Number of protein chains: 2
Amino acid sequence: MMMDRLPSWNDGAAKRAIVDFVTRTTAEGGPDYVPAPDRVALFDNDGTLWVEQPMYTQLTFVLDDVRRLAPQHPEWASTEPFKSVLENDLVGLAAAGVPGVMKLLAATQCGMTTEEFNKTAGDWVEKARHPRFDRLYTQCVYQPMLELIDYLKANDFEVYIVTGGGVEFVRAWAQRVYGVPPRRVVGSSLKTKFELRDAGPALIRTPEINLVNDGPGKPVGIHEFIGKQPIAAFGNSDGDLEMLQWTAAGTGARLLLLVHHTDSEREYAYDAHSAFGMLSKALDEARSRGWIVVDMKRDWNTIFSSVSP
Amino acid sequence: MMMDRLPSWNDGAAKRAIVDFVTRTTAEGGPDYVPAPDRVALFDNDGTLWVEQPMYTQLTFVLDDVRRLAPQHPEWASTEPFKSVLENDLVGLAAAGVPGVMKLLAATQCGMTTEEFNKTAGDWVEKARHPRFDRLYTQCVYQPMLELIDYLKANDFEVYIVTGGGVEFVRAWAQRVYGVPPRRVVGSSLKTKFELRDAGPALIRTPEINLVNDGPGKPVGIHEFIGKQPIAAFGNSDGDLEMLQWTAAGTGARLLLLVHHTDSEREYAYDAHSAFGMLSKALDEARSRGWIVVDMKRDWNTIFSSVSP
């Protein structure tokens, strides 16, 4: 009997499709065989590998940073969007939109070296806890997806994270939590600037956006960082649609999968009407094209990893 | 007796320093040991891995493309900078400067899909010959550097190309010529744009510059693509200085090397006064900091690879 590499996945169409794909693409001499260097698999992060409710974890990090630094900025008490953050007024913050969040980012997480940011992000993620589950965010990662990463790696797939989140934020802990090294994380980024300082050369984070690696930006990031046609992609929201379309293109075996959050008891249930991780167009396309849609409630017997990374 | 992995290198300080560095960083338990995933080595391309005289090879590619497409553009005969190219007036082209070259690029190598460009570049490089050596440009690669790449790879180094040239141009042939896969090529790039076309999803090359991976842009590209501290870097011009400074930073063993083109008979001799691959500030800094300076004439017993890639 073969060992079950995906014990947290209930038997069903999703699990069967995954095992079938891996078996076919690794069967030397078979019609769907793909040589190891071409086995490129992509994972979205927020909502695909870890929790993205009640808001993106990285947004929580930025808001925490505003609170942490507020004592040094008395003017924030009366300046938007800082005021809304300090008063826990999420409606006011939502009204400030993306430009508002960029203002928060520029004030808290720019102007520092990449090394300093890496430390700040690493420190935060080591301590911050999810408000509902009262566990570290890095323990709010999905056990079935960790098993899928390991299963693919054991079959010589190159596993990449392709996230709309900040590449430097995710790189700060992806190796420890997912076993994915920095160079295999593709994400949104700010422009950095090289400076020769007294302490030596440094890269400074500027507030200028370099890449928004979300939606149609994902194929751009994939092409730029990997330069190769992926053959498997895993996502959960409309922000992953173009990544799935891009991966589906070309010839040969493909595995396309969407995680549908259907479990309000053990995690969350949301799709077309969620402010974070909206899933609507991508779900329609998955159904019409026969991509795998994981029903979290039905397909996963375990949600969160019990291992402390 | 140990096999000589660098037979094209004459015995001397440069070769000894390379072998010493690799021996020390791979000696488990030794004071300079570096675990395999952290053995990141960077190679510049133009002038470090292949010839960059009488002009950057990629510039020759662009000029050839202007000539190839000229019959479809009768207006070019009277429009600069196209006119200069078609009349082989390199002085006129030089007067047009970088904005001029960008105009040529926009007219010939933008608006197409990344796939189409990849084919055009691959086709060109399979046929184009160096004007002086009358061999393929891909045969104007330096045999000693190919040996160095292989030597590092055999010692579990991750070898990256970090080029001021276009990332898509170099990726089109780097695997075949250097054994370096696309994801290990960091380079300058144009912005691309995702489009859903009738034939399927495509990335279109726009004329907008994304990254100039040269000079202070090299550490930016290295951080963005690799996200890790390199420990060895190989260059040949002032455009590599910041890459070497960035690699030299931090603690632990480092290998920094500049190729000095000193052999006008077998290749070229140039440094501070060359229009391509100017070497002046970086040479001063290498000398004052004790980085290795390869004297091509003295240190290399073979220049070009005799293998047809």
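Me: Which domains does the assignment give for chain A?
Reply: This is a predicted model, where local features need pLDDT of at least 70, side-chain atom pairs count only at pLDDT 80 or more, and totals for chains, interfaces and linings use all residues. Residues are numbered from 1 along each chain as its sequence is written, and chains are lettered from A and ligands numbered from 1 in the order in which they are written. Domain bounds come from an automatic or database domain assignment. For chain A the assignment gives domain 1 (13–54 + 136–299) and domain 2 (57–127).

Me: How many residues of domain 1 of chain A are in contact with domain 2 of chain A?
Reply: Two residues are in contact if their C-beta atoms, placed from the backbone, lie within 7 Å. Domain 2 of chain A gives 17 residues. The number from domain 1 of chain A is 17 residues.

Me: Which element gives the most to the side of domain 1 of chain A that touches domain 2 of chain A?
Reply: Elements are DSSP runs numbered from the N terminus: helices (H or I, at least four residues) and strands (E, at least two). β2 (158–166), α7 (167–178), β3 and β4 of chain A each give two or more residues to this side. With 6 residues, the one that gives the most is β4(A).

Me: Which elements of chain A give two or more residues to the side that touches chain B?
Reply: The contact between the chains takes 27 residues from chain A and 27 residues from chain B. On the side of chain A, the elements are β3 (185–197), β4 (200–211), α8 (217–225) and α9 (241–248).

Me: What angle do the axes of α8(A) and α9(A) make?
Reply: Axes are lines fitted to C-alpha atoms, for helices over the stretch in contact, and angles run from 0 to 180 degrees between N-to-C directions. Angles under 35 degrees count as roughly parallel, over 145 as roughly antiparallel, 65 to 115 as roughly perpendicular and the rest as oblique. α8(A) and α9(A) are therefore oblique to each other. Their axes come within 7 Å and cross at roughly 50°.
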